[in-house]
Amino acid sequence: MKKIILKIEHLKKSFGEKNVIKDFDLDVYEGEFLTLLGSSGCGKTTILRSIAGLDPVTEGHIYIDGKEVTNLDPQHREVNTIFQNYALFPLMTVEDNIGFGLKMKKVPKKEIEKRVHDMLELVHLLGYEKRKPKELSGGEQQRVSIARGLINNPKVLLLDEPLSALDQKLRKSMQLELKQLQKKLGITFIYVTHSQDEALTMSDRIVLLKDGKIEQVDTPVTIYEHPNSLYTAQFLGDSNLFQGVVTKVEKEYTWVRVHETDLKILSSDWKVGDELDIILRPENIKISLESGKENPLQGKIIDQIYDGAVTNLMIRVGKQMINAMYLGNDKLYAKGQMVYMTWDIEDAIVLKRKSSDNEQ
């Protein structure tokens, strides 16, 4: 059984009369890379700061390795935090920045030198010991910040959008480096981001937040392929939403009327008259010039957008715009052409429509 390294129970956080975090519960396992994902204002950074002890909680309890730390000062918690702006000391050298925490703990100088050397080797910065932060690139500054956070061997490392200031190419590279580093050290990482790409690429589990509450928590594959709500499906990855009404139910299949066409889905507990949301990822839609045997939804190509590895087709069905994609840049179809869209029946994500979904 996995060891719980961080436990949060009934966490609430208010700023004045505004409730930012609402009865939040979470177990984080030792050696896990867990990501808090959500849009701006959803409460993810507030949760991170509560764990770090930088913001007092309004209600609830926080435990690290079985010890309650809810009311402890930050320096008495076995966590370190890496901030978005790196927070390096501008007048200190790289080695002094990394070793600062050990120096404050009065660790012997020889041990500090050895541990700083080990960290520099770990983050590929040997030879940079005497440089100042202003002499480093953004990626190098981030590595220094990571090394400073790791040198104290924290039980949990907290990372608050540390890659957001980097350009896209460097950000992609650092995503892989961070993941490999975390697995090599076995330290629990709790990572805050609003980027779905970062969350899907790096995480063992994703906690998707909405308005201070957990919308869904699961592995990247499960949360992407089996979202439990319309909000989750539309937040993670591109999606096409079809809204329809059940017209016929059989043991194995159910038919849903969408755009005057009956689409076939796998049966569940649906009943005739149920209003359903059918969600299709662009990569799962197949385009053909001829009508298929199943789910042949017809539409008109409005535009083609080349995006490097793939070409996106914008297809109008009724008043709705659908996004489908195929690999490469071959001009397989023409603007204004009528095409049919089909998909494998198991690729459709089907959810019973809630009244709140229509308000999103």
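Reply: A nonpolar core is a set of buried Ala, Val, Leu, Ile, Met, Phe, Trp, Tyr and Cys residues joined through side-chain atoms within 4.5 Å, where buried means under 20% relative accessible area (1.4 Å probe, protein chains only). This is a predicted model, in which local features need pLDDT of at least 70, side-chain atom pairs count only at pLDDT 80 or more, and totals for chains, interfaces and linings use all residues. Residues are numbered from 1 along each chain as its sequence is written, and side-chain values use heavy atoms, with hydrogens and water left out.

Me: How many residues has the largest nonpolar core?

Reply: I98, L150, L178 and F189 have the most contacts inside this core. The largest nonpolar core has 33 residues.

Me: Which element gives the most to this core?

Reply: Helices (H or I, at least four residues) and strands (E, at least two) are DSSP runs, numbered from the N terminus. Those giving two or more residues to the core include α2 (94-104), α4 (138-150) and β8 (188-193). The element that gives the most, with 5 residues, is α3.

Me: Are α2 and α3 parallel, antiparallel, perpendicular or oblique to each other?

Reply: Axes are lines fitted to C-alpha atoms, for helices over the stretch in contact, and angles run from 0 to 180 degrees between N-to-C directions. α2 and α3 pack at an angle of about 125°, with their axes 10 Å apart. Angles under 35 degrees count as roughly parallel, over 145 as roughly antiparallel, 65 to 115 as roughly perpendicular and the rest as oblique. The two helices, α2 and α3, are therefore oblique.

Me: How many nonpolar residues are in the contact of α2 with α3?

Reply: Contact means heavy atoms within 4.5 Å, and the residues of α2 that meet α3 include I98 and L102. Ala, Val, Leu, Ile, Met, Phe, Trp, Tyr, Cys and Pro count as nonpolar, Asp, Glu, Lys and Arg as charged, and the others, Gly among them, as polar. Besides 1 polar and 3 charged residues, the contact of α2 with α3 has nonpolar residues numbering 7.

Methods. Buried means under 20% relative accessible area, exposed over 50%, partly exposed in between (1.4 Å probe, protein chains only).
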